[in-house]
Each structure stands twice: as structure tokens, then as C-alpha cells.
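Let's take a walk through this protein together. Please have the model open and follow along.

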Amino acid sequence: MDGQVYSQSIAIAVYFARQNGYYGKSDIECLQIDQLLDLYSDYLDISKHLFFEADKDKKAEMLKTLKGPDTQRYFGYFERLLKQNGTGFFVGKELTLADIAVFDLVTGWMKNFMGPIDNFPLVNALVDKVAANDKIKAYMAKRKVTEG
């Protein structure tokens, strides 16, 4: 922007969320969004080790763990946060960056590395709700599909 290059995808996402009203309405809501983004980042950090592991057997075991216990643990956290808020969104009563982040996990390149999430009804309902958003729907229709 303005000739300056920026990095770190979450920092950039936060910037645009703030600019466009998707970053909460109070400091507490911002904290709740940051909490979710840190969980999102922690889950992604686990997966990144797969790309650097040269040993085929170790890599297969790491993928098994990611698709099993890791997916269940992190999506359990997401499910609990949705239940605590009670609105169908992670924060407040409308779409925020927190919701978009989890939608991205489920529908983006990470979906190939996740285990099943059928036992997380609130997360699945959220993903459907985000997918139904007109702006998200328009983006998804044009998005280039990439594989992880």
C-alpha cells in the first residue's frame, strides 16, 4: 500500500478487518477475536511442520495426528467459544474476522489436512452462515482454487 510492502497474513487480515468493520465493537470484542486468531494460528503452526518433514513415515504419522487428535482438540475449542457466545458467531451478533478465519480453515487449503468435523455442529452452522454471506459468496465464486 502506498509503495510499502507488508507481511504476516494475520496482521494484514486484522488491518483490513478494522478498516471494514469486522474487528469488533469494543476492546473486549477485539480481545475475543485475537483469542480466536491465536487458536487459528496455533492450529496452522502444527500443520506447517508437515511441509518440512523429509522422513515419509514421520510425515505420515504427523498427518495422522493432525487429522485426528489435533483437529478434534482445536475444533473443540472453536465449538466451545461458539457455545459460550450463543449467537452463532464467535463474537457479538454479527460476522467478524474470527468467523472468517475458521471459515478459511474449513474451506481453504487446510481442508486437505484436517480430520472430520461432523461432531462440531456449531462450527458447521457457522461455516454455512459465513458461506451464505453475499460478499463471501461472491468472493468464493471467483477465488482461484489452490491445493495445499
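A word on the ground rules. This is a predicted model, in which local features need pLDDT of at least 70 and side-chain atom pairs count only at pLDDT 80 or more, while totals for chains, interfaces and linings use all residues. Residues are numbered from 1 along each chain as its sequence is written, and side-chain values use heavy atoms, with hydrogens and water left out.

Let's begin with Phe 75, which sits in helix α3 (residues 56-85). Helices here are DSSP runs of H or I with at least four residues, strands are E runs of at least two, and both are numbered from the N terminus. Is Phe 75 buried or exposed? Phe 75 counts as buried because its relative accessibility is 0%; buried means under 20% relative accessible area, exposed over 50%, and partly exposed in between, using a 1.4 Å probe and protein chains only. Setting aside residues up to four places away in sequence, Phe 75 touches Tyr 43, Val 102, Leu 105, Val 106, Met 114, Ile 117, Phe 120 and Val 123, where contact means heavy atoms within 4.5 Å.

On the α3 side, Phe 75, Phe 78, Glu 79, Leu 82 and Lys 83 meet Pro 121, Leu 122, Val 123 and Leu 126 in α5. This contact comprises 7 nonpolar residues, no polar ones and 2 charged ones. In this scheme Ala, Val, Leu, Ile, Met, Phe, Trp, Tyr, Cys and Pro are nonpolar, Asp, Glu, Lys and Arg are charged, and the others, Gly among them, are polar. The axes of α3 and α5 (residues 121-132) come within 8 Å and cross at roughly 75 degrees, which means that α3 is roughly perpendicular to α5. Axes are lines fitted to C-alpha atoms, for helices over the stretch in contact, and angles run from 0 to 180 degrees between N-to-C directions. Angles under 35 degrees count as roughly parallel, over 145 as roughly antiparallel, 65 to 115 as roughly perpendicular, and the rest as oblique.

How do α2 and α3 cross? Their axes come within 10 Å, at an angle of roughly 175 degrees, so α2 is roughly antiparallel to α3. Among the residues making this contact are Leu 36, Leu 39, Tyr 43 and Ile 46 of α2, and Met 62, Leu 66, Phe 75 and Phe 78 of α3. Its residues divide into 15 nonpolar, 4 polar and 4 charged.

Staying in α2, look at Leu 37. Leu 37 counts as buried because its relative accessibility is 5%. Beyond residues up to four places away in sequence, Leu 37 touches Ile 10, Val 14, Leu 97 and Ala 101. In the loop between α3 and α4 you will find Thr 96, which is buried because its relative accessible area is 4%. Apart from neighbours within four places in sequence, Thr 96 is in contact with Tyr 22, Ile 33 and Val 91.

The largest pocket holds about 860 Å³. Of its 33 lining residues, Ile 100, Phe 103, Asp 104, Tyr 139 and Arg 143 are the closest to its centre. A pocket is an open set of points on a 1 Å grid over the protein atoms alone where a 1.4 Å probe fits, with protein on both sides within 12 Å along at least five of seven lines; lining residues have an atom within 4 Å of a point. Helices α1 (9-19), α2 (27-52), α4 (97-107) and α6 (134-142) each supply at least two lining residues, and α4 gives the most, with 7. The lining divides into 20 nonpolar, 7 polar and 6 charged residues.

Most residues other than glycine have a negative phi. Asp 2, although not a glycine, has a positive phi of about 50 degrees, and Gln 8, also not a glycine, has one of about 75 degrees. Asp 2 counts as exposed because its relative accessibility is 86%, and Gln 8 is exposed with a relative accessible area of 59%.

Methods:
Grid points are joined across faces, edges and corners, and a volume is the space filled by probe spheres set on the points.
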